[in-house]
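I opened the model to look up two things.

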Amino acid sequence: MYLDAYFINAFAMKAYTEKRDFTKTPEPKGGKKKRTSKNPVFVIQKHAATNLHYDFRLEIDGTLKSWAVPKGPSTNPSDKRMAIPTEDHPLEYANFEGNIPEDQYGGGTVMIWDRGKFKNLKKNDAGERISLKESYDLGTIEVWLNGEKIKGGYALIKMKSGKMKGNWLLIKMDDSEADARRNPTNTQNKSVVSGRTMKEISTESK
Ligand code: MN
């Protein structure tokens with residue numbers, strides 16, 4: 001069990017490690033063994049790379065499953081936000097805020113735009129809870145996010161056909177936290193960890 005988890009994690013981290021030169025980027029190396037957490041964490045990182053986007057990451061089985069969301073999360077259940085799957089990131093990445101050198105992979109400023117714990121909501125037709133890993137493999141994830149800016153139920157749905165096959169959609173579920181008028185990606189522009197703006201992060205060494 002322990003060894004399995006180790007090898008799965010090492011394999012999942014391979015793409016992350018291969019893309020980066022850790023003598024040049026301040027991003028975490030990760031790679032330590034991690035166990036499945038009872039209180040998994042999510043993070044949304046605003047990332048001013050070549051194209052500005054929000055990286056949405058969910059802790060699933062000891063790693064951060066990751067998607068790049070160009071428009072970021074919406075609080076309006078009518079919005080379907082494109083979420084492009086990216087390589088798994090180490091759990092330590094949930095603490096990363098800073099500047100990736102311009103000549104490195106993903107070069108640009110990274111802000112911890114929101115962060116918190118989340119709960120798995122997904123059930124099967126019989127009403128039984130499905131694990132996060134199973135949900136991920138099925139391509140239908142349903143979670144309750146307890147962030148500072150983003151709260152409530154969100155669904156991530158993998159598209160299985162058509163031009164966008166393989167991409168996912170991030171959709172606010174229609175619950176008590178749904179709000180069509182809020183626009184947090186426009187109005188809440190500071191780090192939940194440091195209180196800094198993107199500009200402040202980019203000009204300050206950390
Ligand atoms: Mn990114």
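The entries below record what I looked up.

I am working from a predicted model, where local features need pLDDT of at least 70, side-chain atom pairs count only at pLDDT 80 or more, and totals for chains, interfaces and linings use all residues. Residues are numbered from 1 along each chain as its sequence is written, and side-chain values use heavy atoms, with hydrogens and water left out.

Entry, salt bridges. I counted a side-chain nitrogen of Lys or Arg within 4 Å of a carboxyl oxygen of Asp or Glu. The structure holds 13 such bridges. I found Glu97 paired with Arg196, with the closest N and O atoms 3.0 Å apart. Glu97 lies in the loop between β4 and β5 (98-100) and Arg196 in the loop between α3 (184-187) and α4 (198-203), 99 residues apart. Both Glu97 and Arg196 are buried (under 20% relative accessible area; exposed is over 50%, partly exposed in between, with a 1.4 Å probe and protein chains only). Elements are DSSP runs, helices (H or I) of at least four residues and strands (E) of at least two, numbered from the N terminus.

I also noted Arg81 with Asp79, at 3.4 Å between the closest N and O atoms. Arg81 is buried at 16%, while Asp79 is partly exposed at 24%. Arg20, Glu27 and Glu87 are linked in a network of salt bridges.

Entry, second largest pocket. I took a pocket as an open set of points on a 1 Å grid over the protein atoms alone where a 1.4 Å probe fits, with protein on both sides within 12 Å along at least five of seven lines; lining residues have an atom within 4 Å of a point. This one holds about 290 Å³, the space filled by probe spheres set on points joined across faces, edges and corners. Of its 19 lining residues, His47, His53, Asp55, Thr86 and Tyr105 are closest to the centre. β4 gives the largest share of the lining, four residues.
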